[in-house]
Amino acid sequence: MSYVAFADRDHEHEHHDPDTFITKYIWSQDHKVIAIQYGLTAIFVGLIALGLSAMMRLQLGFPNDFHFINPENYYQFITMHGMIMVIYLLTALFLGGFGNYLIPLMCGSRDMVFPYMNMLSYWAYLLSVIVLVISFFVPGGSTGAGWTLYPPQAISAGTPGVDLGILLMLVSLAIFIVAFTMGGLNYVTTVLQARCKGMTLMRMPLSVWGIFIATILGLLAFPALLVSAIMMLFDKTLHTSFFMPAISSMGVDPGYTGGSPILFQHLFWFFGHPEVYIVALPAFGLVSDLLSTHARKNIFGYRMMVWAIIAIGGLSFIVWAHHMYVSGMNPYFGFFFATTTLIIAVPTAIKVYNWVLTLWEGNIHLRVPMLFAIGFIFTFIHGGLTGLFLGNVTIDLPLSDTYFVVAHFHMVMGVSPVLVVFGAIYHWWPKITGKMYNETLGKWHFWMTFLGTYAIYLPMHYLGFAGVPRRYFAMGNTDFLPASAQDLNAAITISALFVAAAQLLFFINMIWSLVKGPKSDPNPWHATTLEWQTPDHPPKHGNWGHHLPEVHRWAYDYSVPGYKDDFIPQNVPADKAPAGRDHGGAH
Amino acid sequence: MTIALGFLAIILATLLGWLLKHTFNVAPWETETVSDTAHHGPLGGVDKTTLIALLTFLAVVSSFFALILSAYALRMDLGDWVPMTEPQLLWTNTVMLIAASIVFQWTRNAAVNGQTSRLRPGLLITGVLTLGFVLGQIVAWQQLQNSGHYISSNPANAFFYFLTGAHAVHILGGLYVWARATQKVVLGTADVAAVRRSVELCTIYWHFLLLVWLVLFGLLLST
């Protein structure tokens, strides 16, 4: 008998439901439970990173008032904030969280194809988080090398956490990459092999497309981070000279010969730029499904959306050196990377136009997930436009070390994906928990977050143009700046604290929903995709009861003329869709 | 970084070719019946699932080694690089790894043709040869240490230890899977189909690591 993965088995009687608390919720092999474990862990470390950013803002807004923040701490806060947010929160949440939850449900399979490896992936991720958190408490504290961990300073005396902090950071990254690889193999193989009958590639929801391509990027790009982490570990512990040049460190010769710090930068950004899209592509996919569902209209240009995701994925591998314009590279090199960087704006712009055109003449329901999705379009356009500035070498050189860059990447890679995360949580919450949340509280959460983040990051662009340097603990010799720059900094800090506090609304709402929330309808948004058509609500182990679903149409049959409802689920056959009056929403 | 880019171009071209074939000229909004096999993966039905996963993993490992080779090429051009003479023992090790691959292929063919009696000797011989390779690599390291070629004395040495070490770790990973299959065969608790699948996948993995080794060895010899 040939091997048939659990994900593909048609009848449920071949497996045993996990029945004890431990097998059900702790050592679980169910993709939905693993998704929640990933999600909760990621949100937990995300809150640590949020706390760190609040500390940094306190120092920047009110430089002389908080004596417990010294320059060493400040650099540790920067480093850990960046690393946690990019890797341990966003990558883990989008792929480990949403990827795990949505791929099997949206593709119509019972689970991931390798549930055991999926479980290992989560526990390895948790281990990497634990190692990371331990590094806060070791002697010398966590590393303060900046989230890019550039040598030589990352492992040279004088940098905070140079003894144990940097070691634990590198080890934690290596464990994370192992965890990601186990998860990633599952996501790719499940999408390729375990789709239900009728689910052709071009009938997959864009969420799955985004997660699928992002996973491929991750599988090919994370090895670059692993290679650079191992080589830096060697430089640190075995005194090799992969990256470490012959330097004198604080009057002492540490014994390195002529290594190349630029080599590290190449390896790091060879991972680092695709990493931007590892976070962005799932966000693109999820937001497409949110917009289409809540606008009751098929996504505009589905095929273009798919190809744009693929094109962005491919292009993301040949733009990495635009992070290195200030490293003194050959101008022709810079020209090449500026060109590829601007080319990537084309598929990205296609996606933005298509989102806006999806809204055009749609029957828009401004529910909480939709607010976040539309908010994302705003922040992503603003963050994307400043990317066009920074993609050009001549503009990047003067702006590179200023707050303009901080504003740019927080807008495009911080706020935008986080808005999608919230939108997606509000959207799938009823499916995950079976409960509804308080709509009004959700709307308050949106408006405070959306307007608050603008109050943080719009002024930062101005600070950057004025020349306020980033990474600085205190202004220092910056007499060319007007005194009002400090007032602006104080205002930004107040906004940042406001936004951080506003997130409490989210947690209050979700906890209230779990404890006292009303039961939700199995398909409260009248969505077409398979996860809303499960026989149980919320779906049980194995997802589909006795028979796997069969798919007869794409995921975007909203407001089809000649049908009674304004949506037709993917598993409804062509001749079984309830016909009726021509629906008003159709055009 | 040209090496890494060249490798990526090959992977992405393969992937893009397959994706375009399945997404071009498709009208996703139409609700027509789709043939039974349309949802199957690139290599066919559900029985290819583990093979797809293995190939994906090999792409990840290739990316890993391609990136080290890129770093090697970049670092080699800097002033302090002193080429290293590889120990002669590596030739013996290479022969052992080639032999292991050949015996594994023979075992696989036997397993596919249902000649289960050959499984046991085939697996055992492969294991001995592969273990011999790993031990040989360790001895080669010791020879280098004894002649004063430490990891920190020169970047060429550092890359030698890194590359051979990374390769050996991947071999050990393969040996773990081999050990589980062999244990079942020796104890006689094996489900024939399951062992056959293990052997087929292991054979691919062994050939792949042999190929990686030949590339690495060639590079080390020529620089």
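The following paragraphs lead through the two chains of this structure, from their overall build to single residues.

The structure is a predicted model, in which local features need pLDDT of at least 70, side-chain atom pairs count only at pLDDT 80 or more, and totals for chains, interfaces and linings use all residues. Residues are numbered from 1 along each chain as its sequence is written, chains are lettered from A and ligands numbered from 1 in the order in which they are written, and side-chain values use heavy atoms, with hydrogens and water left out.

Chain A contains 15 helices and zero strands; helices (H or I, at least four residues) and strands (E, at least two) are DSSP runs, numbered from the N terminus. The radius of gyration of chain A is 24 Å, close to the 25 Å that the globule rule gives for 587 residues, so chain A is as compact as a globular protein of that length. Here the radius is taken over C-alpha atoms, and the globule rule is 2.2 Å times the number of residues to the power 0.38. Along its principal axes, the C-alpha trace of chain A spans about 80 × 55 × 50 Å.

Of the 587 residues of chain A, 63% count as buried. Buried means under 20% relative accessible area, exposed means over 50%, and partly exposed lies in between (1.4 Å probe, protein chains only). A contact means heavy atoms within 4.5 Å. Among contacts in chain A between residues at least 6 apart in sequence, 78% join residues at least 24 apart.

Beyond its neighbours within four places in sequence, Leu149(A) is in contact with residues including Met83(A), Ile166(A), Leu173(A) and Phe264(A).

Ser142(A) lies in the loop between helix H4 (115-134) and helix H5 (165-193) of chain A. Not counting residues up to four places away in sequence, Ser142(A) touches several residues, among them Gln76(A), Met80(A) and Pro160(A).

Chain B has six helices and zero strands, and its C-alpha trace spans about 70 × 45 × 20 Å along the principal axes. Of its 223 residues, 46% count as buried. Residues 24 or more positions apart account for 82% of the contacts in chain B with a separation of 6 or more.

Two loop residues of chain B illustrate these terms. Asn154(B) is found between helix H4 (119-146) and helix H5 (155-187), and Asn154(B) is buried, with a relative accessible area of 10%. Not counting residues up to four places away in sequence, Asn154(B) touches Asp80(B), Trp81(B) and Val82(B). The C-alpha atoms of Asn154(B) and Ala53(B), 101 residues apart along the chain, are separated by 38 Å.

Trp29(B) is placed in the loop between helix H1 (2-23) and helix H2 (49-76) of chain B. Its relative accessible area is 41%, so Trp29(B) is partly exposed. Which residues does Trp29(B) contact, leaving aside its neighbours within four places in sequence? They are Arg303(A) and Trp554(A).
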